[in-house]
Amino acid sequence: MPPTASLAAATAAAETPAALERQVEGERSLRPVHRAVAELRRGAAALLVASNPRSAWLVAAAELASPATLSRLAALGAAPPVLLLAPTRAAAVLQGPAPVGAGAPAVAFRLPPGVTPALLRSLADPTAEPPQTRPEPAPLVPVEAAAASIQLAKLARLLPAVVVAPVDTGGDASGLAQRHDLLAAPAEAVLSYPDMVAATLTRVAEASVPLEDSAATRIIAFRPADGGTEHLAIVVGDPWGAATPPLVRLHSECFTGDLLGSLRCDCGPQLRGALKRMAEEGSGVLLYLSQEGRGIGLVNKLRAYELQDRGADTHDANTRLGYGADERNFLIAAAMLRELGLGTVRILTNNPDKMAALEACGITVAGRVAHAFPATQHNARYLRTKAERFGHLF
């Protein structure tokens with residue numbers, strides 16, 4: 001839809017019975033996950049309900065679990081709580097290969113008697129003081145429970161390290177949750193959450209915002225059905241009227257680079273340079289995606305910086321935290337482009353993975369436009385890592 005179309009018209013088009021039904025269904029599936037995420041972020045436990053109706057798992061974030069939360073897991077659990085660490089973090093704690101099969105989502109460890117929040121933080125966080133004791137591996141937690149527990153921590157932008165305990169629901173998970181004042185979320189919904197969020201994005205506001213590098217600019221905000229963080233489409237000129245496929249950039253937010261002018265990365269120059277390039281061409285769309293630090297969040301990005309200062313590169317810093325090297329979800333970008341009516345684009349990037357991701361999501365990439373800036377003494381190593389470890393094209 002062209003930027004001159006009114007928001008009222010866009011809203012009316014979105015309020016067809018089928019669209020409203022999809023939105024209601026999206027809200028229904030996302031709501032319990034979003035609430036469980038909030039529980040983890042405040043240091044409480046949430047209840048993950050497995051596909052087997054009698055099986056559920058209490059989950060708490062290792063970096064935030066209080067003594068009261070640990071006591072609650074021990075009291076309600078059908079077995080002693082265990083610590084789940086992402087395999088890369090588990091290998092660092094063990095100072096050797098983690099005892100886990102290929103593709104396993106987590107490694108389980110027994111908790112020592114009288115475990116303290118400080119010990120849990122030292123096991124979860126590679127930037128904290130090293131743990132004084134090395135935990136013993138525990139029997140593997142079922143794959144669904146382990147994967148959903150780690151995913152829940154990642155959705156909360158916390159370290160992927162959780163304390164879990166199995167619970168026998170007696171076939172009534174909702175009743176158990178109500179009796180013990182727990183927020184319950186289906187494990188299946190947690191695992192499908194990233195895809196569902198992308199599918200429920202709705203444009204909620206737009207306005208003309210003249211920019212220093214591009215006066216003819218509109219910003220369109222998109223919000224998922226769970227009411228979570230918005231993503232923005234910065235529309236320069238009239239990309240719908242261009243003779244060639246419009247120039248599009250997928251730009252993940254970078255608080256330190258975009259706003260503060262950090263010299264550790266090239267994000268600020270890439271952001272401003274993209275808008276300037278689009279203004280010179282006469283049109284384009286920059287998708288400003290709320291996926292800080294390649295999807296790990298600002299706090300974890302700062303932890304990754306600390307690890308980089310100790311010698312790790314960008315790739316290894318993320319994996320030492322327990323995350324993948326790149327956790328971004330480009331389904332979000334594809335959904336925004338489809339909502340904007342842009343199915344064929346040229347992409348302004350050095351990252352071939354972005355091209356492949358858009359193509360996999362049904363967007364036709366007609367070509368790549370290089371987007372490189374000179375290295376400085378502060379970001380030369382970062383850019384070298386991009387090329388050598390991530391395959392960026394400079």
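Helices here are DSSP runs of H or I with at least four residues, strands are E runs of at least two, and both are numbered from the N terminus. This is a predicted model, where local features need pLDDT of at least 70, side-chain atom pairs count only at pLDDT 80 or more, and totals for chains, interfaces and linings use all residues. Residues are numbered from 1 along each chain as its sequence is written, and side-chain values use heavy atoms, with hydrogens and water left out.

I'll start with Glu63. Glu63 sits in the loop between strand 2 (55–61) and helix 3 (67–76). Glu63 has a relative accessible area of 11%, so it counts as buried (under 20%; exposed is over 50%, partly exposed in between, with a 1.4 Å probe and protein chains only). Leaving aside neighbours within four places in sequence, Glu63 contacts Arg121, Leu158, Leu159 and Arg303, contact meaning heavy atoms within 4.5 Å.

Next, the cysteines. An unreviewed UniProt entry annotates Cys254, Cys265 and Cys267 as "binding site"; positions follow the numbering used here, feature names are shortened, and annotations may be inferred rather than shown by experiment.

Cys254 is in the loop between strand 10 (247–252) and helix 9 (255–259), and is buried at 4% relative accessible area. Beyond four places in sequence, Cys254 touches Leu259, Cys265, Cys267, Tyr288, Glu292 and Lys301.

Cys267 belongs to helix 10 (residues 267–281) and is buried too, at 12%.
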